[in-house]
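Hello,

I am handing over the structure we spoke about, and my notes on it follow below. Please have a look at it first and then read on.

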Amino acid sequence: MPDGDTHRLPYTVEPTRYDLTLCPDLDAATFDGEERVRVIVHEPTAEIMLNAADLEIHEAGLMGEDGADRSARVTFDEGEERAVLSFEEPVPAGDHTLRLTFSGVLNDQLQGFYRSRFTDAEGVSHTIATTQFEATDARRAFPCWDEPDRKASFAVTLIVDESLTAISNSEIEEVSDAGQGKKRCRFAETMRMSTYLAAFVVGPFELTEPVDVDGVPLRVACVPGKGDLTGFALEIGAHALRFFTEYFDIPYPAGKLDLIALPDFAMGAMENLGAVTFRESLLLIDPDRATRVELERVADVVAHEIAHMWFGDLVTMRWWNGIWLNEAFATFMEMLCVDDFRPDWLRWVTFGLSRGSAMVTDGLATTRPVEFPVRRPVEAEAMFDILTYEKGAGVVRMLERYVGADSFRRGIAEYIAKHSYDNTETTDLWDSVEAATGEPARSTMDTWIYQGGYPVLSVAADDEAGTITLTQSRFRYLPGEDDGARWKAPVLLRASVGGEVVRHRLVMGDEATTVELGGPPEWVVVNEGGWGFYRVHYEQELLDRITAETDRLDALERFNLASDTWAAVVAGLSPVGNFLKLACLYGDETHPSLWAAVLAPLDYLDRMMEPDARPVLQRYVRDLVGPAFERLGWAPVDGEGETTRTLRATVLRALGVLGADPEVRKKAAEVEACYFADRASVDPDVAAATTAVVAAAGSTADYERYLDRFANPATPQEEMRFLFSLAAFDGEDLARRTMELARTEVRTQNAPFLISQLLANRTAGPVAWQMVKEHWDELLERFPDNLHDRMLDGMTTLSTPELADDVASFMADHPLATKQRTMDQMLERLEIAVAFRRREAAGLVAAFEAV
Ligand SMILES: [Zn+2]
């Protein structure tokens, strides 16, 4: 603890075990609690300070090993969310037990101990009490030392109505009658862990039979009637448990694992030890009625959370500045595991997309270092963003590929073994990787973690000398001074020299680096494999040599070529025509992510074009995408790969929405009608794509049908598809209706994302923006704090000068407390879009016509 840091609790008193009894009253939305906390008092003190927020403490006292029973006076520091227990005489050093009784409220803010509600098939409404504690909301459920390095064990008892199910981190040891129609569920003592990982869930749940995963019982919990949607979660859950037990080389650290689907949940999921909580749509799924992308998303999230059981729960960051490593690593592990679960999904190629989004944010002047100092815990809330998850995972992957997967895994296993039940700093991980690999992990990674941004490596060849030279500079979308930032960039490169392929491996430093190839190269690929978290800028001659032979590139290398070229266009460093010509080479791609790398920029361009200019872009899209769809057809054929389903959906959607293909739109409406008549009659991927195509040109009658499907969905995924499709309809009236729904009926876990999509809609965006301004205070009040910025993401497309000015001035007057940096990033993205429009819009038609 830094000297004088008043935001941290003193270390004079150390909790070692919480005996915690909670009795929630679901109808009244309140709870009563009682706890006995074993503490070690290290030096005599007349005050014990711990965290509590929105709690009433009724009684407080301390029992010493000397038999003395001391009562305490309780005062609160609301700003710091603390309770101070004051004793008449100093408490002597030694072991004591703190006794507290307290009560609190089951709130509707989806944090702390909160209430979630749902209506069953008979129209009866039910209430669930559940928890979400990360980062600092355990203190809303029980007084505690709510800092990640105050690890203790938990012995939990929940007193609940006899008819309800109670779940916590460990297995139930005993159920007894508590009188008045209630039962007392006593759970086994947990391992030593941080308070933010505790969980209590009470409600009318249906539980699957446990699956025995090498001795660990695995179950899924859901609201009644959804049990038929649990099979896939159990399958990936069991796979992930086995995968990580082997990878980390340490047994799963809890006695059981429950995966719990909740109707209201602000985050995607939460890695409470042994009791992982999820949004329903990220856990409950039917493989026969879901798209492959929806399945992949569930597999990702389940794998991610189970990776945390070791990386995060067993070994935990010392303080909140370390959140990024926790999340970056779990994201990296999720992909490693899902790639093992379904190798033909090519999960790491898809990672190119999310990493690409992180590189967009990280190319802004308003980016941030992945890790930064955190004093008040609330500052860490700003860390739950794309830089933590996707840039973090990207640089971890870059290190893993550079040092080699096997030795990297040995380093990780050693780290987990060495720090089990304990807390770490970021550098502890690099030390373990260095010990296992002999590579300078710490000095390399420090340049990626402690400074924002990333470099572009410029490549020039000297054919006479048989060399290439690499130089680095910071990549930026907007022009800026060279701030001197440099990176130690791990580079794998390959070249063809005299018909032979040669490879080199190096860590590039600050200076220009010349690589001896032994002759003039026929072609060079810098960033071989595509793992580097940087861009590559080839001099024209080298670029021509590669683009002449793109079949020599692997999928991620081709992905990067498109992505880097487009980034240069957006930054004003390369003409739009360069990208349009390159994109034409991607017509035979078979992985959907490669198509996305080409289609997303075309969507961006579409937003920049005047309505009467759009046909030229639509024609270009039809020429590019049409032949691929021709090959694939409207329905799957026997024996085709799973990613082919996604490919078909991707090109179908592109043709129907961006390409405005009249034939495709007509047929999509027919297919959609079949789907409405009989869900089983249409392949789920095709169904999802036609839903989007129909919405793009949809009528009010279509809107009504979508609304009805959203209200009466067959699966959680279908509910999301139809909900978010509402934002794709054209026209101001429908935009107003969708906005009204978001303000009132749509669950607060989803509504911010719906508004974001509405803001991004070409015709609805301006109306939606007016309504966001009108209802600003009300929207912030209604939605969970950590989703406020998500609501605004779509505003980055409001790039006409008048709208952009209006957005900038409104946001200047309405800062977002903990999410201001994300806000600044959105405003910079908008500024980039405005600059792009000013620079390029007038020449776009000519650029398309010239291809
Ligand atoms: Zn996570």
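How many aromatic pairs does a search of the whole structure find? The search gives 46, where rings of Phe, Tyr and Trp (its six-membered ring) pair if their centres lie within 6.5 Å, and planes under 30 degrees apart count as stacked, over 60 as edge-to-face and the rest as tilted. One of them is stacked: Tyr-454 and Phe-475, because their ring centres are 5.7 Å apart and their planes stand at 10°. Tyr-454 sits in the loop between α8 and β24 (455-462), and Phe-475 in the loop between β25 (467-474) and β26 (489-497), so this pair ties together parts that are 21 residues apart in sequence. Helices (H or I, at least four residues) and strands (E, at least two) are DSSP runs, numbered from the N terminus.

A word on the basis of all this. The model is predicted, so local features need pLDDT of at least 70 and side-chain atom pairs count only at pLDDT 80 or more, while totals for chains, interfaces and linings use all residues. Residues are numbered from 1 along each chain as its sequence is written, and side-chain values use heavy atoms, with hydrogens and water left out.

Now the domains. The chain is divided into domain 1 (13-204), domain 2 (315-449), domain 3 (455-551) and domain 4 (732-840); these bounds come from an automatic or database domain assignment. The centres of domain 2 and domain 3, taken over C-alpha atoms, are separated by 25 Å. Their contact (heavy atoms within 4.5 Å) takes 23 residues from domain 2 and 21 residues from domain 3.

Between these two domains about 2,000 Å² is buried, with carbon and sulfur atoms giving 65%. Buried area here is the accessible area (1.4 Å probe) that two parts lose on being put together, summed over both. On the domain 2 side, Met-359, Tyr-402 and Trp-448 lose the most area to domain 3, together 36% of what that side buries.

The rule finds one salt bridge across this interface, a salt bridge being a side-chain nitrogen of Lys or Arg within 4 Å of a carboxyl oxygen of Asp or Glu. As for the elements, α4 (347-362), α5 (386-403) and α8 (441-449) each supply at least two residues of the side of domain 2 that touches domain 3. The largest share, eight residues, comes from α5.

Two backbone details are also worth a look. The peptide bond from Glu-134 to Ala-135 is cis, with omega near 0°, and Ala-135 is placed in the loop between β10 (125-132) and β11 (153-161). Ala-29, in the loop between β1 (13-25) and β2 (30-41), has phi near 60°, a positive value in a residue other than glycine.

Happy browsing!
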